[in-house]
Amino acid sequence: MGGPNGKSGLRLWRNARLATMADGAAGVGIVDKGAIAARDGLIVYAGPEADMPASAGQGAETVDCQGRWITPGLIDCHTHLVYAGNRANEFEMRLAGATYEEVARAGGGIVSSVRSLRAASEDELVAQTLPRLDALMAEGVTTVEIKSGYGLDADNEKKSLRAARRLANERPVTIRTTCLAAHALPPEGKGDKDAFIDLVAGTILPEVAAEKLADAVDGFCEGIAFSPEQMARVFDKAKALGLPVKLHADQLSNLHGAALAARYGALSADHLEYTDEAGAAAMAKAGTVAGILPGAYYFIRETKKPPVDLFRRHGVKMAVATDSNPGTSPLTSLLLTMNMAATLFGMTVDECLAGVTREAARALGLLGQTGTLEAGKSADLAIWDIERPAELVYRMGFNPLHARIWRGQ
């Protein structure tokens with residue numbers, strides 16, 4: 001189904017069942033006998049084949065989908081995909097009873113990834129990240145967000161973000177980069193969090209912005225990381241630089257990070273296990289998406305679930321992502337992530353599917369470009385050998401992808 005474009009740049013996928021994921025559609029927006037036409041990488045028609053204007057398919061290279069399902073290409077809207085080495089040793093420590101905090105105090109945790117990333121060249125980072133990116137793409141992922149946060153100084157944060165940007169030249173995929181310099185205190189920080197936040201706001205963010213290396217700014221608001229007041233200083237600088245923000249919030253305790261994120265109009269607040277009603281209400285009002293990350297909950301054996309019912313009640317949109325990272329979620333399967341969101345957190349099939357398409361696009365500020373099967377959007381498609389969409393959430397360790405289309409190719 002790859003194949004070169006015809007001279008007209010027109011492609012048509014017909015005899016398909018569509019899950020359009022369109023905003024306001026019932027459920028996943030099912031079209032039983034559907035077709036999608038694309039011109040120059042953009043969808044010009046998506047809907048019932050019988051209603052398609054003749055002009056949309058005229059002269060198009062046509063693919064008979066033989067009744068297969070088409071969804072939007074999947075979107076992993078929260079990853080830390082660029083890193084060096086791994087932290088399997090910490091996994092063993094935790095199995096032997098050490099807590100996340102104890103591992104961090106023993107020189108493990110984020111700081112261990114910082115040492116590895118600083119020692120790696122940009123080329124090495126790209127080479128080590130590509131297999132992880134390939135694993136995501138093999139499941140129909142067409143857009144991936146990648147955070148820095150293992151450099152923790154200007155040169156290494158920029159190296160990490162440059163490596164992430166380079167992945168888009170190596171593979172047919174959309175990459176969005178996020179500067180997560182306020183992730184942890186670096187080893188040379190000597191316990192002075194305020195001085196490090198000065199460095200992030202005064203030096204790192206302006207340099208990253210000047211070199212156009214980031215599409216957004218993130219931070220870790222937690223007792224073991226940075227306070228809401230410190231994060232507010234980072235967000236003030238991000239806003240001054242014209243960069244949208246997002247936040248790792250309320251993962252291990254309730255520091256009211258969700259409300260902080262909402263106050264700054266954040267694209268998303270992620271983790272959210274300890275978010276309270278006021279936080280959920282603030283997110284709903286601000287349009288901040290809840291990033292649901294079951295991989296980390298599962299991997300570090302958390303017991304406090306994110307308040308999914310609360311988010312439903314307040315109308316908070318929910319995205320689902322792998323949080324792929326070496327320490328707390330070494331997960332490179334968005335299909336398995338959906339199953340976890342359903343089985344561990346009680347999310348519905350429709351919520352899970354929207355969470356890795358429409359709402360994930362919303363969480364990246366990309367809903368105008370991708371995330372649903374609608375005219376005007378990028379022809380990012382995943383074509384599946386399934387009988388019904390629920391199979392994508394129901395199965396574990398099984399990949400029914402038939403073809404992945406990015407920008408019409």
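In the predicted model, eight strands form an open sheet with parallel pairing, in the order β6-β7-β8-β9-β10-β11-β12-β13. Strands β6 (74–76) and β13 (318–320) stand at the edges with a single partner strand each, so one side of each is left without a neighbour in the sheet. From one strand to the next, the twist averages 25°. Strands (E, at least two residues) and helices (H or I, at least four residues) are DSSP runs numbered from the N terminus, and two strands pair if DSSP finds at least two bridges between them. Angles run from 0 to 180 degrees between N-to-C directions, and axes are lines fitted to C-alpha atoms, for helices over the stretch in contact.

Residues are numbered from 1 along each chain as its sequence is written, and side-chain values use heavy atoms, with hydrogens and water left out. Because the model is predicted, local features need pLDDT of at least 70 and side-chain atom pairs count only at pLDDT 80 or more, while totals for chains, interfaces and linings use all residues.

The UniProt record, in an unreviewed entry, lists residues 69–386 as "domain: Amidohydrolase-related"; UniProt positions are given in the numbering used here, feature names are shortened, and annotations may be inferred rather than shown by experiment. This span is 45% helix and 15% strand, and its end C-alpha atoms lie 7 Å apart.

Within the sheet, strand β8 (residues 174–182) runs parallel to strand β9 (residues 216–221), and three bridges join them. The bridge partner of Cys 179 in β9 is Val 217. Helix α7 (residues 193–210) lies across β8 and β9 and runs at about 150° to β8. Helix α8 (residues 228–240) lies across β8, β9 and β10 (246–249), at about 175° to β9.

Two packed helices are described by the angle between their axes and the distance between the axes. For helix α6 (residues 154–170) and α7, the axes come within 9 Å and cross at roughly 35°. The crossing is right-handed, a term that applies if the near helix is turned clockwise from the far one by less than a right angle, whereas anticlockwise is left-handed. Ala 154, Glu 157, Lys 158 and Leu 161 of α6 meet Thr 203, Ile 204, Glu 207 and Val 208 of α7, contact meaning heavy atoms within 4.5 Å.

Lys 190, in the loop between β8 and α7, has phi near 50° and is exposed, with a relative accessible area of 73%. Lys 212, in the loop between α7 and β9, has a positive phi of about 50° and is likewise exposed, at 65%. Exposed denotes over 50% relative accessible area, buried under 20%, and partly exposed in between (1.4 Å probe, protein chains only).

In α8, Lys 239 is partly exposed, with a relative accessible area of 40%. Lys 239 and Tyr 264 are 25 residues apart in sequence and 8.5 Å apart in space, C-alpha to C-alpha. A polar atom of the Lys 239 side chain lies 3.0 Å from the backbone oxygen of Tyr 264.

Glu 145, in strand β7 (residues 141–147), counts as buried at 0% relative accessibility. The side chains of Glu 145 and Lys 147 are joined by a polar contact of 2.6 Å; such a contact is a pair of N or O atoms within 3.5 Å, where within protein one must be able to donate a hydrogen and the other to accept it, and residues adjacent in sequence count only if both atoms are side-chain atoms. Not counting residues up to four places away in sequence, Glu 145 touches residues including Asp 76, His 78, Arg 176 and Lys 246.

Strands β2 (residues 30–39) and β3 (residues 42–48) run antiparallel and are joined by six bridges, with Leu 42 in β3 as the bridge partner of Arg 39. The two strands form a hairpin with two residues between them, and Asp 40 in the turn has a positive phi of about 50°.

Trp 69 lies in strand β5 (residues 69–72) and is buried, at 3% relative accessibility. Excluding residues up to four places away in sequence, Trp 69 touches residues among them Leu 18, Ile 30, Trp 384 and Pro 389. The backbone oxygen of Glu 387 lies 3.1 Å from a polar atom of the Trp 69 side chain.
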